[in-house]
Structures are given as structure tokens and as C-alpha cells.
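This briefing describes the fold and side-chain packing of one protein model. Please consult the sequence and the structure shown here.

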Amino acid sequence: MKRTLPLIGVIILILTSLSCRRDTQDPGFIPDVPVSLYVYPNDPLFFDLQLIGGWVYIEGGVRGILVYRSDFNEFIAYERACPSVPLEDCSRIEVQSDNFTAICPCDSTTYQIIDGLQISGPGGGLPLKRYQTSFDGNTLYIFN
């Protein structure tokens, strides 16, 4: 009995550590990377952000960031890595010509860019990963 207790303790410890470990290949696991970016919507480089419904791609995050102007004073920033296959080489959402939906080229899952929710496809119902934003009228700050 005395030998069994330490063995049971070791097994419990191993099982606990394995259950807490998040495999980076799991569907839906987008790695957390630091994001702290400033965007100036009035800069000619970001001309498309001057209008409500405008969007741009910027560098940052895991696979880039999609910035969408949803209102006069509100911007939404999404990670471009596809939620269902974030680490695949093809994993980079692309805004469609309707300017309201984005598609993952890996599995053809489509998303609304207004709220990041999945519309169709095999993406497992996972929404686009959203970053926090703050806008003071001149400067858009994107962060996590």
C-alpha cells in the first residue's frame, strides 16, 4: 500500500499536466502573441479606413490583422489566422469583394467581418479572433 500511493500520485501529476497542456496544432488554437499597434486612419496609407465599412490589412499578430471601420468612432481588429486551421501555410483570411465577408482559403469557411462570426463552411463554428481597439478621433490603438 505504501508503494502504491507514490505511484498513484505520480500518475495523477502526469495526467494533470497533460490535460492542462494545449497542443499548438489543436484546431482553433491561435497562439497568443503581443499586439500593440498604432494606426492613423487619416494617413493616406489607410485611406480605406476613412469610410464606415472600410478595411485594411496590417502587419502584426500571428498572420496579420484585418482592421474594419464599423462606425464613425469604432474599429474592429481581427487576427487573419483562420480559427480552424491557424498554423497552416494557407491560413490567412481574405475579405471578399462584397466587403462584408471574409474567407479562409484553407477550408473555404466564411465569416462576417461585422462581428467575426462564422457564416458557413467546416470551420467548427469558431469566430475570428478579435483584438481590442481604442480610438481617440485621430489614433487607433490595437492591442491585447
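The points below treat the sheet, the nonpolar cores and the ring interactions in turn.

The model is predicted: local features require pLDDT of at least 70, side-chain atom pairs count only at pLDDT 80 or more, and totals for chains, interfaces and linings use all residues. Residues are numbered from 1 along each chain as its sequence is written, and side-chain values use heavy atoms, with hydrogens and water left out.

**Sheet and hairpins**

- Six strands form an open sheet in the order E1-E10-E9-E4-E3-E2, with antiparallel pairing; strands (E, at least two residues) are DSSP runs numbered from the N terminus, and two strands pair if DSSP finds at least two bridges between them.
- Strand E1 (36-39) and E2 are the edge strands, each pairing on one side only.
- From one strand to the next, the twist averages 25°, where axes are lines fitted to C-alpha atoms and angles run from 0 to 180 degrees between N-to-C directions.
- E2 and E3 run antiparallel and are joined by four bridges; within this pairing, Val56 stands opposite Val67 in E3.
- The hairpin of E2 and E3 has six residues between the strands, and Gly60 in the turn has a positive phi of about 135°.
- E3 and E4 pair in the antiparallel sense over six bridges, and a hairpin joins them through two residues.
- The bridge partners in E4 include Glu79 for Ile65 and Phe75 for Arg69.
- Five of the seven residues of E3 are buried, so that this strand is mostly covered; buried means under 20% relative accessible area, exposed over 50% and partly exposed in between, with a 1.4 Å probe and protein chains only.

**Nonpolar cores**

- The largest nonpolar core has 14 residues, and Val39, Leu49, Ile58, Ile65, Val67, Leu140 and Ile142 have the most contacts inside it; such a core is a set of buried Ala, Val, Leu, Ile, Met, Phe, Trp, Tyr and Cys residues joined through side-chain atoms within 4.5 Å.
- At least two residues of this core come from each of strand E2 (55-58), strand E3 (65-71), E4, E9 and strand E10 (140-143).
- Another core of 13 residues lies apart from it, with Cys82, Cys104, Ile113 and Leu128 among its members.
- Leu140, in strand E10, is buried at 0% relative accessibility.
- Beyond its neighbours within four places in sequence, Leu140 is in contact (heavy atoms within 4.5 Å) with residues including Val39, Val67, Phe75 and Phe135.

**Aromatic rings and charges**

- There are four aromatic pairs; rings of Phe, Tyr and Trp (its six-membered ring) pair if their centres lie within 6.5 Å, with planes under 30 degrees apart counted as stacked, over 60 as edge-to-face and the rest as tilted.
- Phe75 and Phe135 form an edge-to-face pair, 4.8 Å centre to centre with 65° between the planes.
- Because Phe75 lies in strand E4 (residues 74-79) and Phe135 in strand E9 (residues 130-135), this pair ties together parts that are 60 residues apart in sequence.
- Phe75 is buried, with a relative accessible area of 1%.
- The pair of Tyr141 and Phe143 is stacked, because the ring centres are 4.8 Å apart and the planes lie at 15°.
- Tyr141 is partly exposed, at a relative accessible area of 23%, and ring pairs link Tyr38, Tyr141 and Phe143 into a cluster.
- The charged end of Arg69 sits over the ring of Phe72, 5.5 Å from its centre; this requires NZ of Lys or CZ of Arg within 6 Å of the ring centre and within 35 degrees of the ring normal.
- Arg80 lies over the face of Tyr57, at 3.6 Å from the ring centre.
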